[in-house]
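Here is a briefing on one chain. It runs from side-chain pairs to surface and overall fold.

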Amino acid sequence: LNRKATFKMDYKARSFKIQDVLAKLLQDFSGNLLEASKKEEAAVALYDKLMESKGAEKAATEEALAKMEKENGARGLSKEESQAELDSLTTQLDNDKKYI
């Protein structure tokens, strides 16, 4: 009966160190998440800008190709007309030689 009553002693919290570590981890993770989010936003913005410029470049190239097809078609038509005119003139020259 003369012993110290341990059940009456005040509770001494021993989890403060654990709570401090957890608080520091939360702060670190929150900071890392914020930094990663900013990097991701920058990467998405760069990607969007790049895709926009590449899309414009593609459209310009396709337009140039379409114009080239028209030009080549006109060139082919012009060549056919020239060949037909040459054939006609050759025939006319042969006929003139026969006449003279």
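K54 and E57 are three residues apart in helix α1, so about one helical turn separates them. Their side chains form a salt bridge, with the closest N and O atoms 3.8 Å apart. The model is a predicted one.

**Salt bridge K54–E57**
- K54 is partly exposed, because its relative accessibility of 45% falls between the 20% and 50% cut-offs.
- E57 also counts as partly exposed, at 48% relative accessibility.
- The N to O distance of 3.8 Å meets the salt-bridge criterion of within 4 Å.

**Salt bridge K39–E35**
- A salt bridge also joins the side chains of K39 and E35, at 3.7 Å from N to O.
- Both residues sit in helix α1. They are four residues apart, or about one turn of the helix.
- K39 is exposed, because its relative accessibility of 55% is over the 50% cut-off.
- E35 is partly exposed, with a relative accessible area of 45%.
- How many salt bridges does a search of the whole structure find? The count is two.
- Side chains of opposite charge can pair when their charged atoms come close.

- L22 lies in helix α1, which spans residues 16–99.
- Is L22 buried or exposed? L22 is exposed, because its relative accessible area of 51% is over the 50% cut-off.

**Whole chain**
- What secondary structure does the chain have? The chain has one helix and zero strands.
- The chain has 100 residues, and buried residues make up 0% of them. Buried here means under 20% relative accessible area.
- The accessible surface of the chain is about 10,200 Å². Carbon and sulfur atoms account for 59% of that surface.

Definitions and conventions: Residues numbered from 1 in each chain as written. Predicted model: local features only at pLDDT ≥ 70, side-chain atom pairs only at ≥ 80, totals over all residues. Heavy atoms only, no water. Helix = DSSP H or I, 4+ residues; strand = E, 2+ residues; numbered from the N terminus. Buried < 20%, exposed > 50% of the residue type's maximum accessible area, 1.4 Å probe, protein only. Areas by Shrake-Rupley, 256 points an atom, 1.4 Å probe, with all protein chains shown as cover.
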